[in-house]
Amino acid sequence: MNDEEIVGFENDAERIIKCLNEGKKELDVIPIVGMAGQGKTTFARKLYNNDNIVYHFDVRAWCIISQTYNRQELLQEIFNQVTGSKGKVDEVGELADMLRKRLIGRRYLIVLDDMWDIKAWEDLRLSFPNGDTGSRIIVTTRLEEVGKQVKHDTDPYSLPFLTRDESLKLLQKKVFQKEACPHELQDVSLAVAKRRKGLPLVIILVAGIIKRKKMEESWWHEVKNALLSYLGEAEGYSLLTMQLSYDNLPDSLKPCLLCVGMFPEDARIPVSKLISLWIAEGFVQNIESERLMEEATEGYLMDLISSNVVMVERRRYNGKVKYCQVHDVVLHFCLEKSREEIFMFAVKGNYSDFQPSDWKETRLSIKLTKELSKIELLTAEPFHQHLRSLITNDGGEYSVWNPFPHISKLGFLKVLDLSSQEVVPLSSATLHPLICLKYLVVRTDQFDFHPESHLRHLETLIVLASKRVVLPPIFWKMEKLRHVYIGGVVFDLENNKQGIFEESSKLENLRILRHVRYPINDGECMDVLLRRCPNVQKLWLTISSNELPKEICTFSPKLESLTQLQLLDLFFEGRRFSIPELHFPSNLKKLKLEGPHIVSAAPLIAGLPNLEYLSLIPPILLYL
């Protein structure tokens, strides 16, 4: 759940809930229309989570459309919510038919949020069967014409602005949270609220500015006066308020906010990815200890959330933010401000008006399309000289591509994210010219780590590969690594045992290590891993017995030596092993065990004093 305060719309909600729960038995589409920042998504969420609605419908699904969308991804998102699965179907026609069949005979509610074009409706509507179950679809849009085109029986509902009292209530809630507004601030808070045109987004942004000095009446008046002179249309208030929010951010937070503009519209941004980007970019400085870097960077994020320019999309079990988002108005502001300050440029797919020699920005966000997959703009020599960050965003379906002949020329590149599209088989030697690279995310069928080539400044290494990746001994020379995530990775530790690689090398800075795979009969290799990653905090391990002879093997790693470990995910693959001497570090807070024989670990789990989250998945559930 996100942290949005839902104020107002009570009477409006009752009216729409009646349309959802009553009326005709045939499928009906209910359009909700309103300008940016007026609260369409918040209002739709209020309906979606209403207890009566949850009880009335058999299945529900929520999907964000946005200006640019991928039909297959939308169908997959809805299908996974309807079925509760996490799988993926490759063929879009098959997926559309599977979704339709799953919805036949069921009373369903689908929310299609932020629709910009009738084409999106045409791409999806055939998957929504029109039976007599009383199913409903809610479409939110800022375009009245789209609302008219998608409607069935119910006319488009134009969302009203907040009243003065509702605006005041929302402002005070966002400024004072659970505290009451002091009596001496009642008058000035009312003066601020009634001039905000009833736009929830504007009120929330103003609250983010005010609560920095919320008990100072003079500060309230200063903010009010800064916005008082504006006499334009209501939409203009959003950008004006956003500018004031930006101006009042500490200088250290401004590049962090602008960096969010590198992500697509309505993107659900993983906090772990955002934090790694900020660290690689050097936005977080003056930290005494490398160990405190993540904590300090997370503090930057919380400051942006407190200022209401970044929203919480989902939290973890312990209350920490897992995903965040920014409103379209905030994203638009970040893009414009980035161009103005020569910070970053976002390419949406149209190269016709662009001259590479005009580019001054050091960061580039590219939305890939079939036409863009060649990325001709990287061939321009003036462009090579100053680019520091390159992030690609998915814009549709297209073939595997090879950008590396051009990217290898970007000698000062620090951030490279090619995860939105599969690239050709890749060797680390190809990236060797990128001597400044700190952050690498790539999706490829095959990744080969060259035994004599390493990226010594790399801090984040994420390889989404379908084939197993073997890391040679030289991997341990990448001493600045903080976050490693490679699908099905295995370590070549045989050479280490033969003395080819010095035993003293350790990855002291490594905090996150994901999806390491080990054969259960190679305990010595496991011990080497544990010794060389002494400060790891999050660890995902797959222990395999599938390639062993029929006799039972024992798994007894010395996990208790990882004194900094807080999250452990162990997946036992196969059945021919036992875990009689499995010990966990006492600081462990989150533990997930999957596979056979996990019950035998119960006495050890009971002795963990700091455990907060436990997940046990036996084999029978893994194959349902």
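**An aromatic pair and its surroundings**

Modeller: Phe 449 and Phe 475 are both buried. They belong to a predicted model, in which a search of the whole structure finds eleven aromatic pairs. In this pair the ring centres of Phe 449 and Phe 475 lie 6.4 Å apart and the ring planes stand at 80 degrees; because planes over 60 degrees apart count as edge-to-face, the pair is edge-to-face. The two residues are 26 residues apart, and their pairing links distant parts of the chain. Phe 449 lies in the loop between strand 15 (447–448) and strand 16 (460–465), whereas Phe 475 lies in the loop between strand 17 (470–471) and strand 18 (483–491). The pair also belongs to a cluster, in which ring pairs link Phe 447, Phe 449, Phe 475 and Trp 476.

The charged end of Arg 60 is placed over the ring of Tyr 48, 4.3 Å from its centre. Arg 45 lies over the face of Trp 62, at 5.3 Å from the ring centre.

Leaving aside residues up to four places away in sequence, Thr 542 touches Val 516, Arg 517, Tyr 518, Phe 571 and Glu 573.

Among the buried residues are Trp 278, Leu 274 and Ile 275, together with Ser 276 and Glu 281. Gly 282 follows helix 14 and has a positive phi, near 80 degrees.

Helix 8 (residues 164–176) and helix 9 (residues 186–193) pack at an angle of about 115 degrees, and their axes are 9 Å apart. Their crossing is right-handed. On the side of helix 8, the contact involves Arg 164, Ser 167, Leu 168, Leu 171 and Gln 172; these meet Gln 186, Ser 189, Leu 190, Val 192 and Ala 193 of helix 9. Five of the residues in this contact are nonpolar, four are polar and one is charged. In general, an α-helix has 3.6 residues a turn, so residues three or four places apart point the same way.

Definitions and conventions: Residues are numbered from 1 along each chain as its sequence is written. This is a predicted model: local features need pLDDT of at least 70, side-chain atom pairs count only at pLDDT 80 or more; totals for chains, interfaces and linings use all residues. Side-chain values use heavy atoms; hydrogens and water are left out. Contact means heavy atoms within 4.5 Å. Axes are lines fitted to C-alpha atoms, for helices over the stretch in contact, and angles run from 0 to 180 degrees between N-to-C directions. Helices (H or I, at least four residues) and strands (E, at least two) are DSSP runs, numbered from the N terminus. A crossing is left-handed if the near helix is turned anticlockwise from the far one by less than a right angle, and right-handed if clockwise. Ala, Val, Leu, Ile, Met, Phe, Trp, Tyr, Cys and Pro count as nonpolar, Asp, Glu, Lys and Arg as charged, and the others, Gly among them, as polar. Rings of Phe, Tyr and Trp (its six-membered ring) pair if their centres lie within 6.5 Å; planes under 30 degrees apart count as stacked, over 60 as edge-to-face and the rest as tilted. Buried means under 20% relative accessible area, exposed over 50%, partly exposed in between (1.4 Å probe, protein chains only). A charge sits over a ring if NZ of Lys or CZ of Arg is within 6 Å of the ring centre and within 35 degrees of the ring normal.
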